[in-house]
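Please examine the structure shown below. The explanation that follows treats its aromatic rings and one packing of helices.

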Amino acid sequence: MLEIANLEVVYNEVVLVLRGLSIEVPEGDIVALLGSNGAGKTTTTRAITGLLDVHEGKVTKGSVTFNGEQIDNKNPSTIVRSGISQVLEGRRIFAELTVDENLTAGAITSKDKAAIKTAHERVMTMFPVLAERRKSVAGYLSGGEQQMLAIGRALMVDPKLLILDEPSLGLAPKLVAQIRDTIVEINKDGTSVLLIEQNANMALSIANYGYIMETGKIVMDGVASKLLKDEDVREFYLGLHGEGTERKSFKDVKHYKRRKRWLS
Amino acid sequence: MTAIPVLLAASSVDTFIQTLFKALALGSLYSILALGFVLIFKATQTVNFSHGALALAGTWFLSMIFMDWDIPGRWLPGPNWLHWGIALLLAMLVTAVFGLIIERLTIRPMIGEPVFSMAVITLGLEVMIRVIADDAVMLTPRTLGIPWGSDTFKIGGASVAWSYIAAVVMAAFVFFVIWRFLRTRTGVAMQATAFDQEAALAQGINVGMVFAIAWAAGSALAAAAGIFASMSPWAAAGVASREGAFFAFRALPAVIVGGLDSVPGALAGGMLIGFVEIFAGQYLSGQAGILGYGYQQVIPYVVMLIALLIKPYGLFGTEEVRRV
Ligand SMILES: Nc1ncnc2c1ncn2[C@@H]1O[C@H](COP(=O)(O)OP(=O)(O)OP(=O)(O)O)[C@@H](O)[C@H]1O
Ligand SMILES: [Mg+2]
């Protein structure tokens with residue numbers, strides 16, 4: 001469904017960030033893309049969704065293909081219309097608008113009133129908290145509610161492929177679990193998912209397949225359940241130790257710090 | 001002579017009423033101007049220095065449409081005021097198209113350039129439009145055929161110009177329309193773009209379209225402000241080119257006091273500056289010797305400075321006006 005082949009991306013004509021990246025998302029799957037800070041995960045999403053321009057970035061080699069059509073030269077609006085929707089890193093909800101207005105913005109490419117209504121109802125059932133706060137200004141929602149709104153907003157166009165960029169960032173474990181269940185539910189409803197995460201445990205526990213990237217390249221890939229068990233992956237790439245999923249890892253500490261930055 | 005104190009009291013109430021209406025009217029004009037500024041700034045992050053020229057252009061369009069071409073009177077029966085109202089809306093529409101063309105030719109190619117360059121371009125536009133208007137088209141003063149002319153009505157002993165009422169009604173009308181517009185799908189898209197351009201793009205919002213709409217709406221509002229400011233008693237008759245254009249600059253304190261990116265701020269800022277200017281002009285005239293002549297014109301800037309000291313982003317402005 002989505003194929004990234006040998007992709008090279010350069011920022012400001014000089015900074016080479018993606019160096020021959022290749023990823024595939026088969027129809028109906030959840031694919032996890034893992035990697036530490038600065039690996040180029042967000043850059044990958046920008047290349048898929050046409051947002052490189054905003055950051056003075058350019059695809060200099062390779063291609064992104066969606067359902068057989070090359071999309072790396074298309075504008076964001078066309079890409080959304082072709083069925084790709086994304087949840088941006090850091091949520092990026094429209095904090096000054098209400099919950100409903102955020103959802104309206106998410107549905108902007110859709111002309112079909114009935115479809116918009118159906119999508120809206122689906123979001124309301126999926127996230128009852130949002131249903132209670134439809135008229136509230138989104139900026140006043142809690143971090144978890146804002147992430148739900150960001151996901152809901154991306155679902156308003158009933159996408160064929162949903163890209164989520166670190167949806168667990170800065171959320172408490174209980175909320176992470178809820179987001180994970182939501183992603184599974186969305187996938188069951190027929191949407192393929194590209195899940196970008198630093199929380200490898202969460203991502204690999206629901207993904208069919210996983211990729212691990214480092215400085216702009218895939219350094220390892222495989223079936224998610226295998227990756228989750230692989231000693232090397234656990235030690236070197238995921239920073240998980242032993243059996244301790246309960247245990248606070250270094251990463252959780254880092255997340256906490258980052259959350260503070262996002263919310264301030 | 002017991003009548004004298006009573007007479008004095010009555011006349012001071014009359015003066016107050018007159019001053020009040022005058023302040024409301026000027027505040028309305030500033031608010032309409034400020035609203036146009038704010039819409040363009042909010043969507044495009046550009047301070048539009050060509051607002052005065054657009055106001056001037058709109059006024060000139062009305063004069064051509066209504067007086068020279070007798071539109072819609074040449075086709076439509078009915079009262080004069082109705083014709084004038086339609087001509088007013090047409091003039092705003094033509095100015096909107098004019099603004100669209102300007103946006104397309106000069107602003108759109110500059111998207112992504114520093115905000116400062118954009119502002120300088122609009123400043124260049126301002127000068128250009130004004131020179132063309134002065135030299136080519138406005139050798140003779142033009143009239144606008146305003147139905148109520150310089151008529152007034154009485155409240156007790158106070159006489160109030162109908163133009164004042166018209167300005168207030170117009171402000172109420174445009175603020176209502178814009179407020180409704182901002183709740184529509186397109187309006188939401190515009191606010192989303194203003195808040196976070198990348199996130200708006202990610203939803204598939206056509207940001208170029210949003211820029212165009214903002215410029216069209218801002219230009220139409222500039223036209224409205226220019227037209228209602230060209231009425232008696234603000235201006236003697238018709239289009240006064242230099243005054244019309246400078247008038248827009250006088251609204252700058254109103255915009256800044258209210259906050260560059262706030263619609264309620266445009267209303268509050270406009271009213272505040274209008275009131276301060278008119279009331280100070282009326283009640284401090286005895287102190288003109290101390291304050292200096294022409295002090296009314298300076299007062300808006302003093303208010304602006306004080307407001308900026310207290311609230312650097314305007315009374316209603318967003319703290320982080322520039323977002324990356
Ligand atoms: N607009 C830009 N201009 C120049 N360099 C950039 C730009 N955006 C990102 N980079 C660089 O590209 C590299 C990859 O960034 P990217 O945001 O894609 O990483 P990431 O994997 O998403 O990291 P994180 O986990 O922190 O979100 C980083 O070294 C970053 O500094
Ligand atoms: Mg990232």
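**Aromatic rings and a helix packing**

In chain B, F16(B), F275(B), F279(B) and Y283(B) are linked into a cluster by ring pairs; rings of Phe, Tyr and Trp (its six-membered ring) pair if their centres lie within 6.5 Å. The model is predicted, so local features need pLDDT of at least 70 and side-chain atom pairs pLDDT 80 or more, while totals for chains, interfaces and linings use all residues. Residues are numbered from 1 along each chain as its sequence is written, chains are lettered from A and ligands numbered from 1 in the order in which they are written, and side-chain values use heavy atoms, without hydrogens and water.

Over all chains, the structure holds 10 aromatic pairs. One of them joins F61(B) and F98(B), with 5.8 Å centre to centre and 85° between the planes, which is edge-to-face (planes over 60 degrees apart). F61(B) lies in helix α2 of chain B and F98(B) in helix α3 of chain B, 37 residues apart. F61(B) is buried, at a relative accessible area of 15%, whereas F98(B) is partly exposed at 26%; buried means under 20%, exposed over 50% and partly exposed in between (1.4 Å probe, protein chains only).

How values were computed. Rings of Phe, Tyr and Trp (its six-membered ring) pair if their centres lie within 6.5 Å; planes under 30 degrees apart count as stacked, over 60 as edge-to-face and the rest as tilted. Helices (H or I, at least four residues) and strands (E, at least two) are DSSP runs, numbered from the N terminus.
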